[in-house]
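User: Please take me through this model by way of its labels, setting each value against the cut-off that decides it.

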Amino acid sequence: MDKLMKKGVRINIPILIGFGSQALRIGIILALTYTWSNPYALVATQLLDGIGAGVNGLAIMQLTKLLTNGTNNFGLAFSAINFCGFLGGALSNLISGLIVTATSYEIGFVWLLCPIMASLFFINLVAVPGSDHSKKNK
């Protein structure tokens, strides 16, 4: 991740890749439920989940480093971000479980897709100060 940052890649791009892989995973799961109910293909979508989690974990750490550079608050900020992420994951499971119980799995997956798509939209709008290393003069 640090190599990408040194090459001048915006920090938003890895985060978009991470969230995009989650949206792709949900789309594949929805397509599989309608066309081909193979449990092995469904389990294979977990690879996209691992890619998304790994890329997001590294990108969020880099983003926190950029935003807290020189303030000595990295640990506090990173812990708060992780807490919010875990709280969102728990609430996502709870709400999706209630939706699946009341309706169907397809509606539950569509419900999970909505916040991911909103995140992709808003992350693309955010400009992180200091994330463009190619303009820095060394």
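**Exposure and the cysteines**

User: Why does cysteine 114 count as partly exposed?

Analyst: Cysteine 114 has a relative accessibility of 48%, and the scale calls a residue buried under 20% relative accessible area, exposed over 50% and partly exposed in between (1.4 Å probe, protein chains only), so the label for cysteine 114 is partly exposed. This is a predicted model, in which local features need pLDDT of at least 70 and side-chain atom pairs count only at pLDDT 80 or more, while totals for chains, interfaces and linings use all residues. Residues are numbered from 1 along each chain as its sequence is written, and side-chain values use heavy atoms, with hydrogens and water left out.

User: What makes cysteine 84 exposed, and how many disulfides does the structure hold?

Analyst: Cysteine 84 has a relative accessible area of 52%, and is therefore exposed. The structure holds zero disulfides, a disulfide being a pair of cysteine sulfur atoms within 2.5 Å.

**The chain and its helices**

User: Why is helix 2 called roughly antiparallel to helix 4?

Analyst: The two helices pack at an angle of about 160 degrees with their axes 8 Å apart; axes are lines fitted to C-alpha atoms, for helices over the stretch in contact, and angles run from 0 to 180 degrees between N-to-C directions. Angles under 35 degrees count as roughly parallel, over 145 as roughly antiparallel, 65 to 115 as roughly perpendicular and the rest as oblique, so helix 2 is roughly antiparallel to helix 4.

User: What makes helix 2 roughly antiparallel to helix 6, and which handedness does the crossing have?

Analyst: The axes of helix 2 and helix 6 (residues 105-125) come within 10 Å and cross at roughly 160 degrees, and therefore helix 2 is roughly antiparallel to helix 6. The contact includes Phe19, Ala23 and Leu30 of helix 2 and Phe109, Leu113 and Ile116 of helix 6. The crossing is left-handed, a term used if the near helix is turned anticlockwise from the far one by less than a right angle, clockwise being right-handed. Helix 2 also passes helix 4 in a left-handed crossing.

**Individual residues**

User: Why is phenylalanine 78 called buried?

Analyst: Phenylalanine 78 has a relative accessible area of 17%, so it is buried. Phenylalanine 78 lies in helix 5 and touches Ile60, Met61 and Thr64, leaving aside residues up to four places away in sequence. The C-alpha atoms of phenylalanine 78 and methionine 61 are separated by 7.1 Å, although the two are 17 residues apart along the chain. What covers the buried residues of helix 5 includes helix 4 and helix 6.

User: What makes threonine 68 buried and asparagine 72 exposed?

Analyst: Threonine 68, in the loop between helix 4 and helix 5, has 13% relative accessibility and therefore counts as buried. Asparagine 72, in the loop between helix 4 and helix 5 (74-102), has a relative accessible area of 79% and is therefore exposed. Asparagine 72 has a positive phi of about 60 degrees although it is not a glycine. Most residues other than glycine have a negative phi.

Terms used:
Helix = DSSP H or I, 4+ residues; strand = E, 2+ residues; numbered from the N terminus. Contact = heavy atoms within 4.5 Å.
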